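Thank you all for coming; I would like to walk you slowly through one structure today. Please look at the picture first, and then we will go from the chains down to single helices.

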Amino acid sequence: MKTSFWLAGVTALALAQPALAADTIKIGFVSTFSGPTAVIGNDMRNSFELALDHLGRKMDGKPVEVIYEDDQQKPDIGKQKTEKLVQSDKVDFIVGYIWSNVLLASLKTAVDSKTFLISANAGPSQLAGELCSPYVFSTSWQNDQTPAAMGLYMNQKGVKSVFLIGPNYAAGKDMLAGVKSTFKGEVVGEEYTVWPSQLDFSAELTKARNSKAESIFVFYPGAAGVQFLNQYVQAGIKQQIPLYTAFTIDELSLPLQKENALGIPGAQEWVNDLPNEENKRFVADYRKKYANLRPTYYGAQAYDAAQLINSAVVAVKSDLTKKDAMKAEMEKANFKSLRGPFKYGNNHIPIQNFYLQDVVKDADGQLSLKTVATIVENDQDRFHDKCPMK
Amino acid sequence: MFLLIEQLLNGLQFGLLLFLLAAGLTLVFGIMDFVNLAHGSLYMMGAYFAATFVGWTGSFVLGAILALAATLLLGIALEFVALRHLYGRDHLDQVLATFGLILFFNDMVRLIWGPAGLALPLPTWLTTPVQLLPGVYYPAYRLSIIIVALLVAALLYLVVMRTRIGMLIRAGASNREMAGALGINIKLLFTLVFGLGAALAGLAGLMQAPILTVQIGMGENILILAFVIIVIGGIGSIRGAFLAAIFVGLIDTLGRAFLPDLLRKVLSGAAASTAAPALSSMLIYLLMAIVLVVRPEGLFPAAKR
């Protein structure tokens, strides 16, 4: 009699436990793992895996399962992969998204199913404004913020006029709009190129030179940044018109850009030499785990995404049905970000510092990025007023 | 005015580069009646060989010559090992087999050179711009592409029209069986033609490499343009490929250069900046569609079989 009572109690406990807490934390990860920009996806995956290593491959004591999906840099494929993760894999979180157009196509699927989506890179203006959602967080920035910081730096340098060149897709338009939002000089020209197929910028460079602008600003992420710099230098424009950039020179493109990138400034929210302890550990462990590779801001943002998810899982003790509590926890940004502490705005976009970065030769004689100055502190994106969440 | 001259040169340079790629494609397609989707892979291999050999030898010109020879040999080997067995088959089989080759080459490159791509830096004498007219500067490297491509075009014309090999190629093209019956070694001839086509694709790839970067899959986008050119120019016609390539290069570049400003006169600034790149990239396909309707055999078709 006594035994059966005990057994009933144990069974009840055993039954009750899984109903509350998940056995595994399932995370879907959408990024680009094929084609010329696969190096970016790989860097994000490497950093996310490193974050899981640092967490002991567990969140709140539960094992973590990550399903990686390749969006091929195409919005339609990204949407399909997101649907697959939400509907058939039933993941608890979706992370990733390099490209703003891919994220915009995938957003509705995640939001409608109330699955938390953490953008580890893309930050289209719509996401910060009218399309903001309680279920969407960013560990990166809103697209306009980085170029807007560059615009501020150009004002400091006393630049009087600029010629803008960027790719013709969601992020390209945000980036050029971002510079224009802060740059006080004259915008003498604005050119958009076909994305991602156009790799030859001769027509645009010729126009920029003939416009007599005092400076050129470009946004070309991934391999396009290498190609743009090659052509900018070969046309001899580097000696004539200084170049200002956002997301064009990073640790992935630098080995190909080489000396072409020397002396060309960029703005960024994360640089490998930021002096906080977490970042030092991240950079050192990354270079130890992945020989011959160096982490980028893409990776740092993916690392932060893993930490953000972990903070939510721990806060609700693995009971992933408590969406409101998880949202409330994530809004606190209660984890040690690699960029240093930041706060979330009402639209779940970080309010953060932006730094000026420069290309230098490091101790090993290799080209590397270095923080030169803080351009702006605690910068909030300019679309947060349009977000209905208060 | 200077702006127009510079943009015309940009268009000419792009067109001539496309010609190198299209010439090989049209030779193989027109003469051997063989659809080779892997032509873009040979373009990619030319670029990878160049980046490797330039790294080894330290000399751009020497590396480029070695890369050219390597692509020629690769083309001959490819024809000998794989493609030779597909000549009798219909086009769909050829498309499938050569599409498989694209995947094969992409993964082989990934295994050998890694996924990150390579850089092919130029020597300093090619990175300084040249003054063509007072006030008109042009990148020396792009100018050298124009010169090399024009020389190759002239050479190709001389070889095909004025030499015994060229005569055999033309004979093989107009009637394969008859040429064979007259004692010409058609198999050997086709191997040579394919090798030549591969070398031309390799040349295009290695010359494009310093402007762009050396990357997996770099030949796939540009191959579409090459097909557009041989359709516009007339399949099998080198003269057609030459003129159509320059035409396409000019339309593409001038469209990108001047369409946004034209559109801004009728549309609002933002709408024009968005529509112009989309519209200018459509122009060449529009041209192809018109050519297909008006002259389905192309603008300068090769002699009838």
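What radius of gyration would a compact globule with 390 residues have, and what does chain A have? For that number of residues a compact globule would come out near 21 Å, and chain A has 22 Å, which agrees. Please keep in mind throughout that this is a predicted model.

Let me stay with chain A for a moment. Its C-alpha atoms fill a box of roughly 95 × 45 × 35 Å along the principal axes, and its secondary structure comes to 13 helices and 14 strands. Of the 390 residues in chain A, 57% are buried. If we take the contacts in this chain between residues at least 6 apart in sequence, we find that 72% of them join residues at least 24 apart.

Chain A is also divided into two domains, where domain 1 covers 2-141 + 276-341 and domain 2 covers 145-268 + 354-379. The C-alpha centres of these two domains of chain A lie 31 Å apart, and the contact between them takes 17 residues from domain 1 and 13 residues from domain 2. On the domain 1 side, the elements that give two or more residues are α2 and α4 of chain A, and the residues of that side divide into nine nonpolar, six polar and two charged.

Helix α3 of chain A, residues 75-88, has 14 residues and reaches 20 Å from its first C-alpha to its last, close to the 20 Å expected at 1.5 Å a residue. Which residues of α3(A) are buried? They are Gly78(A), Lys79(A), Lys81(A), Thr82(A), Leu85(A) and Val86(A). Seen down the axis of α3(A), these buried residues fall within an arc of 165 degrees, so they line one face of the helix. The face of α3(A) turned away from the buried side carries the exposed residues Asp76(A), Gln87(A) and Ser88(A), while the cover over the buried residues includes β1, β3, β4 and α4 of chain A. Just after α3(A), Lys90(A) takes a positive phi of about 50 degrees.

Let us turn to chain B. With 305 residues, a compact globule would have a radius of gyration near 19 Å, and chain B has 20 Å, which agrees. Buried residues make up 48% of chain B. In helix α7 of chain B, residues 164-174, the buried residues are Ile169(B), Gly172(B) and Ala173(B). Down the axis of α7(B) they fall within an arc of 100 degrees, so they line one face of the helix. What covers them includes α1, α6, α8 and α9 of chain B.

Finally, where do the two chains meet? The contact takes 29 residues from chain A and 35 residues from chain B. On the side of chain A, the elements that give two or more residues are α2, β8, α8 and α9 of chain A, and the largest share, seven residues, comes from α9(A). That side of chain A divides into twelve nonpolar, twelve polar and five charged residues.

Conventions
Residues are numbered from 1 along each chain as its sequence is written. Chains are lettered from A and ligands numbered from 1 in the order in which they are written. This is a predicted model: local features need pLDDT of at least 70, side-chain atom pairs count only at pLDDT 80 or more; totals for chains, interfaces and linings use all residues. Two residues are in contact if their C-beta atoms, placed from the backbone, lie within 7 Å. Helices (H or I, at least four residues) and strands (E, at least two) are DSSP runs, numbered from the N terminus. Ala, Val, Leu, Ile, Met, Phe, Trp, Tyr, Cys and Pro count as nonpolar, Asp, Glu, Lys and Arg as charged, and the others, Gly among them, as polar. Domain bounds come from an automatic or database domain assignment. A residue is buried if 20 or more other C-beta atoms lie within 10 Å of its own, exposed if 12 or fewer, and partly exposed in between; C-beta atoms are placed from the backbone. The arc is that of the directions from the helix axis to the C-beta atoms. The radius of gyration is taken over C-alpha atoms; the globule rule is 2.2 Å times the number of residues to the power 0.38. The expected span of a helix is 1.5 Å times one less than its number of residues.
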